[in-house]
Amino acid sequence: MKNNPKTSQQELPSVAIPVLAGTLRELPLAETLHDAAAQQCDITDACFSSDYADHIYGTALEFSSCRFERCTFADWECKRVAFVDCVLDHCDISGLRLENVTFQRVRFSACRLTGTEFLNASLMNVTFHECTCDYFALSDSKCTHVVWENCQLRESLWQSVTLKASAFRNCDFTAAQIRYMPMTGQDMTTCTLSDIQIDPHDLRGMRVSPVQGLLFCTLLGLEIVD
């Protein structure tokens, strides 16, 4: 099912934007992260560009007022990670698995999150814009004032997620799975929902186009006759 042009002007919830310091220090990504993890200190007012960081291990990492441009993250094992007032632009965090992660006033722009997992996550005032999130997984998480716009979410998994003042616009949910994520009030008329798997209980109250409605009747086992 393709986007419905009549609903392309879907109203989105307000999302507070990241507030970055006027001057950011340009730092090497891997070295900075390894030092912060070892010393258990926060990373603030920093800019990282066209860099790579993998094998990051530690108790906790917190980024505040940071910009990441064309950076790649891989193989992190931290008990807690927090991003506050951060911008990630054209970054690749594919395959990254983060537990107990917090995002507050964060913008993901044209990022790749293929196969990325956020577990026990808290997202507040977060925007995902034109991101590739195929096979993305969000579990046991809360989303407050979060917007996904023009994102690929094919074969993604959403499990035990609470949505509050959050929305999806022009997103591709082909073959996605939704479990224990109530969609009451969610306007999905601009999204592609082909082959989506969703529990009938989660489906209640979701706003869909007439064509999408026919698909869900089929999923529910109803036979439509003239």
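1. Phe68 is in contact (heavy atoms within 4.5 Å) with Leu29, Phe48, Phe63, Phe73, Phe83, Cys86, Val87, Leu88, Asp89 and Cys91, once its neighbours within four places in sequence are left aside. This is a predicted model, in which local features need pLDDT of at least 70 and side-chain atom pairs count only at pLDDT 80 or more, while totals for chains, interfaces and linings use all residues. Residues are numbered from 1 along each chain as its sequence is written, and side-chain values use heavy atoms, with hydrogens and water left out.

2. Phe68 also belongs to the largest nonpolar core, which holds 63 residues, and is listed with Phe63, Trp76, Phe168 and Phe173 as touching the most other members. Such a core is a set of buried Ala, Val, Leu, Ile, Met, Phe, Trp, Tyr and Cys residues joined through side-chain atoms within 4.5 Å, where buried means under 20% relative accessible area, exposed over 50%, and partly exposed in between, with a 1.4 Å probe and protein chains only. At least two residues of this core come from each of helix H1 (29-39) and strands E2 (43-49), E3 (52-69), E4 (72-89), E6 (101-109), E8 (122-129), E9 (137-149) and E10 (157-164). E4 supplies the largest share, 7 residues. Helices (H or I, at least four residues) and strands (E, at least two) are DSSP runs, numbered from the N terminus.

3. How many cavities of 30 Å³ or more does a search of the whole structure find? The search finds 1, and the space in the largest cavity is about 40 Å³. A cavity here is a set of points on a 1 Å grid over the protein atoms alone where a 1.4 Å probe fits but cannot get out, and lining residues have an atom within 4 Å of a point. Grid points are joined across faces, edges and corners, and the volume is the space filled by probe spheres set on the points.

4. The lining of the largest cavity consists of Phe73, Phe83, Leu88, Ile93, Leu96, Leu98, Phe103, Phe108 and Phe118. Two or more of the lining residues come from each of E4 and E6, and E4 gives the most, with 3 residues. By class, the lining divides into 9 nonpolar residues, no polar and no charged, where Ala, Val, Leu, Ile, Met, Phe, Trp, Tyr, Cys and Pro count as nonpolar, Asp, Glu, Lys and Arg as charged, and the others, Gly among them, as polar.

5. The structure holds 19 aromatic pairs, and one of them joins Phe68 and Phe73 in an edge-to-face arrangement, with 5.5 Å from centre to centre and 85° between the planes. Both Phe68 and Phe73 are buried. Rings of Phe, Tyr and Trp (its six-membered ring) pair if their centres lie within 6.5 Å, and planes under 30 degrees apart count as stacked, over 60 as edge-to-face and the rest as tilted.

6. Why is the pair of Trp158 and Phe168 described as edge-to-face? The ring centres are 5.5 Å apart and the planes lie at 90°, so the pair takes that label. This pair links distant parts of the chain, with Trp158 in strand E10 and Phe168 in strand E11 (residues 167-169), 10 residues apart. Trp158 is buried because its relative accessible area is 0%, and Phe168 likewise counts as buried at 0% relative accessibility.

7. Asn125, in strand E8, has a phi of about 60° and is buried, with a relative accessible area of 19%. Asp140, in strand E9, has a phi of about 50° and counts as partly exposed at 49% relative accessibility.

8. Ser139 also lies in strand E9 and counts as buried at 10% relative accessibility. Not counting residues up to four places away in sequence, Ser139 touches Phe118, Leu119, Asn120, Ala121, Gln159 and Ser160.

9. Tyr135 is placed in the loop between E8 and E9 and counts as partly exposed at 47% relative accessibility. The C-alpha atoms of Tyr135 and Ala176 are separated by 8.2 Å, although these residues are 41 residues apart along the chain.

Terms used
1 Å grid on protein atoms, 1.4 Å probe; cavity = no way out; pocket = protein on both sides within 12 Å on 5 of 7 lines; lining within 4 Å.
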